[in-house]
Amino acid sequence: MDQLLIIADPSLLDERASWLSALAEERRLSDNTLEAYERDTRQFLAFLTGHLASPARLKDIGNLRPADLRGFLAARRRDGAGARTLGRGLAGLRSFLRHLERKGLVNAAGAAAIRSPKQPKSLPKPLTDLQALSVVDAGTQLSEEPWISVRNAAVLTLLYGCGLRISEALALTPEDFAGAPTALRITGKGGKTRIVPLLQAARDGVEDYLRLCPIPLARDKPLFRGTRGGPLQPAIIQREMQKLRGALGLPDSATPHALRHSFATHLLAGGGDLRTIQELLGHASLSTTQVYTGVDSARLLEIYDRAHPRA
């Protein structure tokens, strides 16, 4: 706190503390995001104090111009910050300024006028079809408790076989599988509902889990449970994938979400059209799905480079 007293007026620091508290208690941001926003705004106040040659005040925040914010971003870039870090820092500053604006303390128009740094395009990193199948098959082998083994395997099969997000798989209920369905109704981001085919292998995996699970399951409550009977947490499946990476020699990019990427990439490679894949994934925009064409092209070029004698 002593360091902060040097870089800003106490009233400004009090408002900053109030904003961070609201992010934690009301918006429930993750600890990592809160830590990053705290660091980004601290760096900004330090920059502003140097820029003004005196501790930053609320009045100075209210008088910010786009040029001041661009100067801060330029200084961070000179220190080695990349586009993602700069984008996150600007998002944190905008959030802080909106907080002050809602209280009638500043006008946040200056921050709104700044365009976020262009983010580098990164392609999803799917597993190969053999790797994905090995993950699903090995999911039944790492736990000493048979019901936990089949539970983990069922979740992983749903991620790969249906292209589900981990949150979507863990939100399923026993009622979703009543009557041996051939499709699932999934509620994804933004409350958007979609229908996805349910493969026989995925249905069999869930039935194995239902047969062995020792915990009473209500029809309308989460299907997958932890060892103490509560809803299964994503971190459990993430740790399971970590074990599988070590056991199968998979790269660090082999995460639960990589199975969803694999679902989309393998469908595209097998002749699936983008519109259908968009619907199956629950993407609001086709442009989000189009990233998988880049993955497929990259894989084709890799195969070409390995196989062609003139490559």
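A: In this predicted model, a polar atom of the arginine 194 side chain lies 2.7 Å from the backbone oxygen of leucine 280. Arginine 194 belongs to strand 2, which covers residues 193-197. This arginine has a relative accessible area of 5%, and because that value is under the 20% cut-off, arginine 194 counts as buried.

Attention may now turn to the helices. Helix 3 runs over residues 31-52. Its 22 residues, at 1.5 Å a residue, should span 32 Å, and the end C-alpha atoms are 31 Å apart, so the two values agree. Several residues of helix 3 are buried, among them Leu34, Tyr37, Thr41, Leu45 and Leu48, together with the charged residue Asp40. In general, an α-helix has 3.6 residues a turn, so residues three or four places apart point the same way. After helix 3 comes alanine 53, with a positive phi near 65 degrees.

The axes of helix 5 (residues 66-78) and helix 6 (residues 83-102) come within 10 Å and cross at roughly 145 degrees. The crossing of helix 5 with helix 6 is right-handed. On the side of helix 5, the residues in contact are Leu69, Phe72, Leu73, Arg76 and Arg77, and these meet Thr85, Leu86, Leu90 and Leu93 of helix 6. By kind, the residues of this contact comprise 6 nonpolar, 1 polar and 2 charged.

Technical notes
Residues numbered from 1 in each chain as written. Predicted model: local features only at pLDDT ≥ 70, side-chain atom pairs only at ≥ 80, totals over all residues. Heavy atoms only, no water. Helix = DSSP H or I, 4+ residues; strand = E, 2+ residues; numbered from the N terminus. Buried < 20%, exposed > 50% of the residue type's maximum accessible area, 1.4 Å probe, protein only. Polar contact = N/O pair within 3.5 Å; in protein donor to acceptor, adjacent residues only side chain to side chain. Axes fitted to C-alpha atoms, helices over the stretch in contact; angles between N-to-C directions. Left-handed = near helix turned anticlockwise from the far one by under 90°. Contact = heavy atoms within 4.5 Å. Expected span 1.5 Å × (residues − 1).
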